[in-house]
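Thanks for coming. I have one model to go through today, so please look at it on the screen before I start.

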Amino acid sequence: MATLDRLKQALRTQIKETMLQEQKPLSDERYSAGFEVLVEGSKMSYQEFIIPQLNQLLKFLVGSRSSASVLEVGPGPRSVLGHLPDRLRRKIGKYVAFEPNGLFAKRLTESLSSTHPKEAVLPSLEHPVVIHQRPFAIPESMELDNNIDTGNAEDKYDIVLLCQSMYGMKDKGKIIEHALSMVRDVPEKGMVVVFHRNGSLDFHGLVCSRTVSFNTSVVRVVEDEEVLNNFARFIAGFDTEDTEIGNAIRADWRQVCRTLGRREEASPAHLQFSAPVFMFVFTQDATSLPELTAQVPLADSSSTIKNWIARSHRPASVFKPTDVQQVQQCVRWALKHGFSLTVIGGGHSGHCLWTTVVSIDMGAFDQIHIITKGDDGGAGSDASSFVVVEAGCKTGDIVRKTMAAGLTVPLGARPSVGAGLWLQGGIGHLARQYGLACDAIVGAVMVSVKSGQVFCVGYVPSQHQPTEAVLPEYEHDLLWAMKGAGTNFGIVISVTFKTYPAPTYVVRDWISPLSGINETRSRISDFDRLIAKKLQRNSSVDGYLYRDAGQLRLGMTMIERYTTELASAPPTPTMGDSIWGPEAKVQVVNGVDLFETELYVSTLHGGHGGGKTSSFKRCVFLKDIGEARLSYLLAAAIETCPTPLCYLHLLHGGGAVGDVAADTTAFGCRAFDFACVVTGVWHRGLDHTQAAQTAVQWVYDVANKLLPLSCGAYGADLGADPRDVALAAKAFGPNLPRLARLKCKLDPCKVLAHACPLFTEPMEQKLVILVTGESGSGKDFCAELWLAVMRCFYESLKVRIVSISDVTKHEYAMVTGADLNLLRNDRTYKEQHRSGMTAFFQRQVQQRPRLPEEHFLNIVYSEADADVLLITGMRDKAPVAAFSHLVPDRRLLEVYVQVSEQTRQIRRGRQSSITSDDRADGQIDGNLIIPDHCPSLIFNNEVTGKEAAESFAQDHLLPFLHDDLQQLAGMVRSKPDFPRQGTNFRHVLGISQQPSGLALCTSLLRTHFAGNWAKIDAIVCCEAGGFIYASPLASQIHVPLVPIRKAGKLPPPTVSVVTARSYISSLAIENQKEERMEIERDAIPKGASVAVVDDVLSSGKTLCTVLHLLGKVGIPAENVSIIVVAELPLHGGRQLVREHGFGRVNIRSLLVFDGA
């Protein structure tokens, strides 16, 4: 899929010199027509990126007492501000625009002129709209008092917005400086915001305060002659005369569009072009670079950056500090001005350089010091020796220096990689014997990106501790995080490793030609079962799936520790010999020479070394690669590789890697047999061409297909690309929440914003809606309508629909040969295979009982950035109770789509007669199917048409997206390590300490109650938190308040039951004596309807106690509804309530948190 830049070049090359007279500028009408095609085709970038980013950026306006003024440059016929939520649009009091296109200026004026409150784009304007029908040009003088007609020469703006309007502007740095001269110098306000379809812009030394990319954005264009004519003119930037030659040019242009555009199976009538979008935010500090230049030397321009993506970025500047104090100066400068930094170590990272961001080259820190026991007074770890490595060193240098002393460190597999690899894992050939590189870390010196202080973390030999270094407050947490996620928490100066005896290696290579996918699968299975699983941990074996000279091949490299016994013994057949015959090559090498024995360096395609090629990699961790599904995916992946240089590297794991518990270090993905490195490769001269983009997309496609069957992903390669979101969500296993909290604590200003993403944005109440119901009930239809309603009311939200059954359909089609496209899109065909798919899935669950959980988690992880996720195709009973603890940072709602059995059968294309096999899972009551548990909501879908579904969404789903819930969530403080270390306490009672907190909470409890208050006879609450929130609610509803208290605190007669302590009480109180809770026996009439109100639902023990008590005084479970202020799903409270027989009780919570 070609980029728009590539398309532009191709269109312009069609104009030969003899045809130059056919060119003419685009008229306003033609420009307008092309612009409309582009905007219509770019809806995804607006919905998924531009509008959400603007919404996030301008949230500060909501809490501001004053209105904001906006200057928009080149808005087109409609301002993008019109897509923001109403609460933000109402904060804009002044709007001025520069729009040179006369048609656009007229339509823009009309769109902003409505005085009707519901139709007004900017309903709270305090000044008349001003539209200047001319370009936003650089004045002759850049002085602030230049004569610029913006309504008033002294006018300043809070926000200057250039949304897709810098195309054709020359000297973009000067344009931004000019815009900055028109911005108010006010904290938070006062910014220039640029959206542009090119990330390699040169702003001539201006520094961004924030930059974000959306690499997956595409433009979809209808394949129609007139549409393509308009689109091609606009992209080329000029028109042609209406002559025979001009008509021929336009015909050529249409053909170029068809040739370069990609057609997708789901949308065959459209051509797609890649159109990555970038956001740059500048403040008045953007020109402060000279301040740092005066303190820290610049890097030599010859610094080698190996990563092709990083080389395409244009950093504001690259500095090369020579001592710790200069690193501190860089950090303090960034903190002072609100900037981020990137760090250059080995130069392999795709985010070591970033456009408009300052980079720190650590190349001057290149010393290696070997410390033997006794050199440091015997302090530190139990290891006999250590090596202190500065952050500018390369792996090869370390191995060479330590090997000279008879020592080694288990580092990575390439000599040129730097500190980023060691700090984020480091998987090499010694990993099976000694563990990962990060496991060998015992200490580090680093500069804090929170304060600029120098920290000594863990064990650092005294002679290598800087004199100004201090111990950090969170030393234990920081050392834990350094071992697997160390690039996120500070700028590392040096690392102290424990060392091991340096081995000599015997390296054996085999290369086996393969004849097709079936033989490939068989060979993978043999490789896994007969060789890899039988090796001792002091040996490893790597596999390589690749093509060479059109032939599919499986390469194998076995690396054994060389011993004198091995040297003196006569040659004996190895496991590889018995399966694949004699090895192609045998070598005895030391640790340095081992690097050059790698098959992909020495053998694959003539060797990949020497800078001849560029590559792109993503890595997932796999177990049991010989298993049928995995071996198929691996074989299929190499069959579909887009260039002959692509390959899969299966790097052997297990052994010592798995000996370390997942939560002992930040590197949490340890239960793997192989790290599968999916590698797209092309000749270096093809960087940034369609060939490179296709190879990159292949890497992501393969990684995402393997991800559901994986035990994690490698975080070292991941960055800001949206395609990395699903991988990053699985990069640290169970450690991700702890890492995210540490990131917020130790890098609150996001100085290291471009390291591996840890999802540290403030967690708003994300929503997962499980759309359930019997087949034929209309779940997909409803989900599509609900998505449309949510996007209509909240355009800045990322709302998506995913079918959880797609995974099963894909696997079923793979095994049976069924047509996957028809299974997804043809109802009749799907019905023919329904019983077969059901039986297939049931067999899978018998073999893998946790399969439903795996499918659910993989769906959520793959859409981790979605604000609202609608999941269809789910048939699990009580899914909220079953799955909520797996995603404790999200709110789960089940919406059960209910229809009559007769309607269901008709929609499935059957007659109304029902066989026993056709019956629904739930009960049938009055011809309606009733589920055997209590869904969050039930929608009756009997009525034809979309009005009822849309009305349901507005009345019952949109309230979960209202700002008042976000406001309430903001009142709940988080208290780490209380009441015990490792516990993240949520202070829900703190809501009542806020001036308006109790009133807001009471109002929300009243409006979000799932039942009917008019039918409630009493409110029941449990001490002590329940008393606080139930009391004002009972007063408003005008019903009695019935307390449940500890035994002995209520007058007789009472009824009591034994209760288990709540989760937080069990942590805080060591004494676990039996307790009883009681209720007054006659406080509630038997058979009454009651609402239970509590502050927190955590383990569910308290609610079970309450429900048992109510049963003993004559209140059946079906008469009880429950509403709580906050739910902590991690502790499985809903599931416990269900297991105690109360699955039909409706439980509603206002807030959801991932803590205690």
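Predicted model: local features only at pLDDT ≥ 70, side-chain atom pairs only at ≥ 80, totals over all residues.

Residues are numbered from 1 along each chain as its sequence is written, and side-chain values use heavy atoms, with hydrogens and water left out.

The average pLDDT of the protein chain is 85, and 89% of the residues score at least 70; pLDDT is the predictor's confidence in each residue, from 0 to 100. Over residues 142-153 it stays under 50, and likewise pLDDT is under 50 over residues 911-926.

The protein chain holds 38 helices and 45 strands. These are DSSP runs numbered from the N terminus, with helices being H or I of at least four residues and strands E of at least two. Of its 1156 residues, 56% count as buried, meaning under 20% relative accessible area with a 1.4 Å probe, protein chains only.

Now helix 2, residues 28-41. Its axis and that of helix 7, residues 225-236, come within 8 Å and cross at roughly 100°. Axes here are lines fitted to C-alpha atoms, for helices over the stretch in contact, and angles run from 0 to 180 degrees between N-to-C directions. The two helices are therefore roughly perpendicular, a label used for 65 to 115 degrees. On the helix 2 side, the residues that meet helix 7 include Tyr 31 and Phe 35. The contact of helix 2 with helix 7 divides into 8 nonpolar, 2 polar and 2 charged residues. Nonpolar is Ala, Val, Leu, Ile, Met, Phe, Trp, Tyr, Cys and Pro; charged is Asp, Glu, Lys and Arg; the others, Gly among them, are polar.

Helix 2 also packs with helix 5, residues 102-111, at about 65°, with the axes 8 Å apart. Contact means heavy atoms within 4.5 Å. By class, there are 4 nonpolar, 2 polar and 4 charged residues in the contact of helix 2 with helix 5.

Last, Val 771, in strand 30, residues 766-772. Is Val 771 buried or exposed? Its relative accessibility is 0%, so Val 771 counts as buried. Beyond its neighbours within four places in sequence, the contacts of Val 771 include Trp 786, Leu 870 and Val 897.

Note on methods:
Parallel < 35°, antiparallel > 145°, perpendicular 65-115°, else oblique. Buried < 20%, exposed > 50% of the residue type's maximum accessible area, 1.4 Å probe, protein only.
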